[in-house]
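Thank you for sending this model, which I have read as someone would who meets it for the first time. My notes follow as numbered points.

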Amino acid sequence: MTTRAPLDRDELRRRLVDTGLYERLTVVDSTGSTNADLLQAAADGAPTFTAELAEFQDSGRGRRGRAWVTPRSSQVTFSILVRPRTLDHFGSLSLMAGLALVDALKPLLHERVALKWPNDVLVSGNKICGILGEAQALATNHPEVVLGCGLNHSLTREELPVDNATSLALEGIDVDRTELSIAVLTAMRTRLGAWSRGDIHMDDYRAVCSTIGLDVRVMRPGTDDLLGRAIDVTDEGFLVVRDERGERHELSAGEVHHVRPLE
């Protein structure tokens with residue numbers, strides 16, 4: 001059984017900060033939200049590629065404000081601060097974060113791990129991790145983006161927040177949470193660092209995006225559902241759906257509530 005030992009803070013700092021991957025890294029016992037902490041830290045002048053991990057957060061959020069609370073030390077819960085030089089490819093940033101999670105998990109899960117557009121990490125079709133991006137100062141020359149993640153490590157079936165979720169423990173993977181955190185944060189730094197230099201590997205994303213090729217129902221606020229086939233994801237991160245009349249639609253994550261396979 002995967003244990004719930006606390007993170008090894010010295011090892012995290014030795015391998016993530018002393019090596020130069022991250023400018024600053026903190027580990028907190030408890031917080032409301034790592035995203036909220038880093039948005040405030042960014043406003044106070046924290047350097048790009050500052051990271052915070054938490055053993056427990058009691059005000060974690062998913063997309064559209066959904067509550068997300070799990071038992072202490074049962075997840076890899078963290079946020080990372082990024083300051084984009086340009087917003088030209090802003091829509092692909094959170095997709096690259098999802099791709100980084102796949103990079104880190106593939107050695108453990110192999111072909112079982114995939115991405116549901118835009119950035120839900122799935123294992124055998126069940127969600128194991130979500131990513132929430134929050135931005136501030138977008139209208140200035142110094143935009144700030146925080147990417148938060150909760151990767152289910154040792155959650156039992158009874159502890160899962162939703163039925164269609166899973167954890168590494170439930171998938172038969174017993175991995176030290178500190179080592180997992182290092183692997184995930186290293187992969188995130190690699191992908192997000194490349195993105196910040198304009199080196200965006202959308203072909204890598206498309207290769208692991210299980211949404212492409214599905215017949216889907218796209219639920220959008222204030223309009224009818226869109227039925228069609230997901231045929232691509234653009235370099236800017238838009239989902240491309242061809243509807244039943246053959247018309248092509250490009251959808252941003254911000255305008256979509258849900259994308260679900262047609263039954």
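This is a predicted model: local features need pLDDT of at least 70, side-chain atom pairs count only at pLDDT 80 or more; totals for chains, interfaces and linings use all residues.

1. A salt bridge is here a side-chain nitrogen of Lys or Arg within 4 Å of a carboxyl oxygen of Asp or Glu.

2. The domain assignment divides the protein into domain 1, covering residues 9-208, and domain 2, covering residues 214-258. To the contact between them, domain 1 brings eleven residues and domain 2 brings 16 residues.

3. How much area is buried between domain 1 and domain 2? The figure is about 1,100 Å², and carbon and sulfur atoms give 51% of that area.

4. Turning to the polar side of this interface, the rule finds two salt bridges between domain 1 and domain 2, and it also finds five residue pairs in polar contact across the interface, with both residues at pLDDT 80 or more. On the side of domain 1 that touches domain 2, helix α5, which spans residues 202-208, gives the most, with three residues. The residues on that side of domain 1 comprise five nonpolar, two polar and four charged ones.

5. As for the protein as a whole, the model contains five helices and twelve strands, and its C-alpha atoms fill a box of roughly 60 × 45 × 30 Å along the principal axes. The radius of gyration is 18 Å, which agrees with the value near 18 Å that a compact globule would have with 263 residues.

6. Two places in the backbone deserve a separate remark. Trp117 and Pro118 are joined by a cis peptide bond, with omega at about 5 degrees, and Pro118 lies in the loop that runs between β4 (113-116) and β5 (120-123). Phe49, although it is not a glycine, has a positive phi of about 60 degrees, and this residue, Phe49, is found in the loop between α2 (34-43) and β2 (50-54).

How values were computed
Residues are numbered from 1 along each chain as its sequence is written. Side-chain values use heavy atoms; hydrogens and water are left out. Domain bounds come from an automatic or database domain assignment. Contact means heavy atoms within 4.5 Å. Buried area is the accessible area (1.4 Å probe) that two parts lose on being put together, summed over both. A polar contact is a pair of N or O atoms within 3.5 Å; within protein, one must be able to donate a hydrogen and the other to accept it, and residues adjacent in sequence count only if both atoms are side-chain atoms. Helices (H or I, at least four residues) and strands (E, at least two) are DSSP runs, numbered from the N terminus. Ala, Val, Leu, Ile, Met, Phe, Trp, Tyr, Cys and Pro count as nonpolar, Asp, Glu, Lys and Arg as charged, and the others, Gly among them, as polar. The radius of gyration is taken over C-alpha atoms; the globule rule is 2.2 Å times the number of residues to the power 0.38.
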